[in-house]
Amino acid sequence: MISSLGAEGFIGELCNGFSLLMDASKGLITFESLKMNCSILGLEVKDDELLCMLMEGDLDGDGALSQMEFCILMFRLSPCLMDGDASKFCTQNNVDPMLM
């Protein structure tokens, strides 16, 4: 996917996804914003599943996802998006591959 979009395009798509899910007043994906957006999208997700999603990506322990935490989570959960270029992408974009 990165090879078809380019690194900047790929990061842009992740940022768009983050923007769709975040609480605009906080600039973070919160439990409430995730629950509301799942409902808008017609997804029936249990509260404990939403909490698990947040906990999976919450690196700083604040109970919400920042844009960086969201991007790291997306990379970790979707290695096929990387087209085998993970280390190159991390190096070029100053991302610690151990976080992925």
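This is a predicted model: local features need pLDDT of at least 70, side-chain atom pairs count only at pLDDT 80 or more; totals for chains, interfaces and linings use all residues.
The backbone nitrogen of Leu59 lies 2.8 Å from a polar atom of the Glu69 side chain, and that side chain also reaches the backbone nitrogen of Asp60, at 3.0 Å. Both are polar contacts, meaning pairs of N or O atoms within 3.5 Å; within protein, one atom must be able to donate a hydrogen and the other to accept it, and residues adjacent in sequence count only if both atoms are side-chain atoms.

Residues are numbered from 1 along each chain as its sequence is written, and side-chain values use heavy atoms, with hydrogens and water left out.

Glu69 sits in helix α4, residues 67-77. Helices here are DSSP runs of H or I with at least four residues, strands are E runs of at least two, and both are numbered from the N terminus. The protein has five helices and zero strands.

Is Glu69 buried or exposed? Glu69 is buried, where buried means under 20% relative accessible area, exposed over 50%, and partly exposed in between, with a 1.4 Å probe and protein chains only. A salt bridge requires a side-chain nitrogen of Lys or Arg within 4 Å of a carboxyl oxygen of Asp or Glu; Lys and Arg count as positive, Asp and Glu as negative, and His and the chain ends are not counted. Leaving out residues up to four places away in sequence, Glu69 touches Gly57, Asp58, Leu59, Asp60, Asp62 and Ala64, a contact being heavy atoms within 4.5 Å.

I turn now to the core. The largest nonpolar core has 11 residues, among them Phe18, Leu65 and Phe70. Such a core is a set of buried Ala, Val, Leu, Ile, Met, Phe, Trp, Tyr and Cys residues joined through side-chain atoms within 4.5 Å. Helices α1 (2-21), α2 (31-40), α3 (47-57) and α4 each give two or more residues to this core, and α2 supplies the largest share, three residues.

Beyond its neighbours within four places in sequence, Phe18 is in contact with residues including Leu28, Ile29, Leu65 and Phe70. Leu28 belongs to the loop between α1 and α2 and is partly exposed, with a relative accessible area of 21%. Leu28 and Phe18 are 10 residues apart in sequence and 8.3 Å apart in space, C-alpha to C-alpha.
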